[in-house]
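Reader: I would like to learn how to read helix caps, helix packing and ring pairs. Can we take one model and go step by step?

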Amino acid sequence: GADHLPVSWSCTDDAVSMLLEQRSAVGRAPPSLLAVRLLRRLLHWNPAARPTAAAALRHAYFTVPLADQAHFVCGSLLDGGSDMHWC
């Protein structure tokens, strides 16, 4: 039925992060929520919805310092700059 999920887990950022940690060879979670969001976009089932390589490199995971990623708000400006960091 419509209520049945094809997988036994939710596809939220937190659920994907936990799944990646469980399947990690070293038992580590991804370095940040932005890493999970980028990975989800890169692995989208519809190839047309995936970012290009150039667009992926402009993702906030690559443009926002790791130390700032935990507090970064998607779509915000960093350090008064003019470039938006997508996520």
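This is a predicted model: local features need pLDDT of at least 70, side-chain atom pairs count only at pLDDT 80 or more; totals for chains, interfaces and linings use all residues.

Reader: Which residue caps the N-terminal end of H2?

Author: Ser32 does. A side-chain oxygen of Ser32 lies 3.3 Å from the backbone nitrogen of Leu34.

Reader: Next, packing. How are two packed helices described?

Author: By the angle between their axes and the distance between the axes. Here, the axes of H1 and H2 come within 10 Å and cross at roughly 95°.

Reader: Are H1 and H2 roughly parallel or roughly perpendicular to each other?

Author: Angles of 65 to 115 degrees count as roughly perpendicular. H1 and H2 are therefore roughly perpendicular to each other.

Reader: Which residues make the contact?

Author: From H1, take Asp13, Val16, Ser17 and Leu20. From H2, take Leu33, Val36, Arg37, Leu39 and Arg40. By class, the contact of H1 with H2 has 5 nonpolar, 1 polar and 3 charged residues.

Reader: Which residues of H1 are buried?

Author: H1 spans residues 13-23, and Asp13, Ala15, Val16 and Ser17 are buried there. The buried residues of H1 pack against H2, which runs over 33-42.

Reader: Why does Asp13 count as buried?

Author: Buried means under 20% relative accessible area. Asp13 has 17%, so Asp13 is buried.

Reader: What does Asp13 touch?

Author: Leave out residues up to four places away in sequence. Asp13 then touches Leu33, Val36, Arg37 and Arg40.

Reader: Now the other helix. Which residues are buried in H2?

Author: Leu34, Ala35, Val36 and Leu38. What covers the buried residues of H2 includes H1, H3 (53-57), H4 (60-63) and H5 (66-69).

Reader: Last, rings. How many aromatic pairs does the structure hold?

Author: The structure holds 1 aromatic pair. Tyr61 and Phe62 form this pair, with 5.2 Å centre to centre and 70° between the planes.

Reader: Is the pair of Tyr61 and Phe62 stacked or edge-to-face?

Author: Planes over 60 degrees apart count as edge-to-face. The pair of Tyr61 and Phe62 is edge-to-face.

Reader: What is the relative accessible area of Tyr61? And what does Phe62 count as?

Author: Tyr61 has 26% and is partly exposed. Phe62, at 46% relative accessibility, counts as partly exposed.

Key. Residues are numbered from 1 along each chain as its sequence is written. Side-chain values use heavy atoms; hydrogens and water are left out. Buried means under 20% relative accessible area, exposed over 50%, partly exposed in between (1.4 Å probe, protein chains only). Helices (H or I, at least four residues) and strands (E, at least two) are DSSP runs, numbered from the N terminus. Contact means heavy atoms within 4.5 Å. Rings of Phe, Tyr and Trp (its six-membered ring) pair if their centres lie within 6.5 Å; planes under 30 degrees apart count as stacked, over 60 as edge-to-face and the rest as tilted. Axes are lines fitted to C-alpha atoms, for helices over the stretch in contact, and angles run from 0 to 180 degrees between N-to-C directions. Angles under 35 degrees count as roughly parallel, over 145 as roughly antiparallel, 65 to 115 as roughly perpendicular and the rest as oblique. Ala, Val, Leu, Ile, Met, Phe, Trp, Tyr, Cys and Pro count as nonpolar, Asp, Glu, Lys and Arg as charged, and the others, Gly among them, as polar. A polar contact is a pair of N or O atoms within 3.5 Å; within protein, one must be able to donate a hydrogen and the other to accept it, and residues adjacent in sequence count only if both atoms are side-chain atoms.
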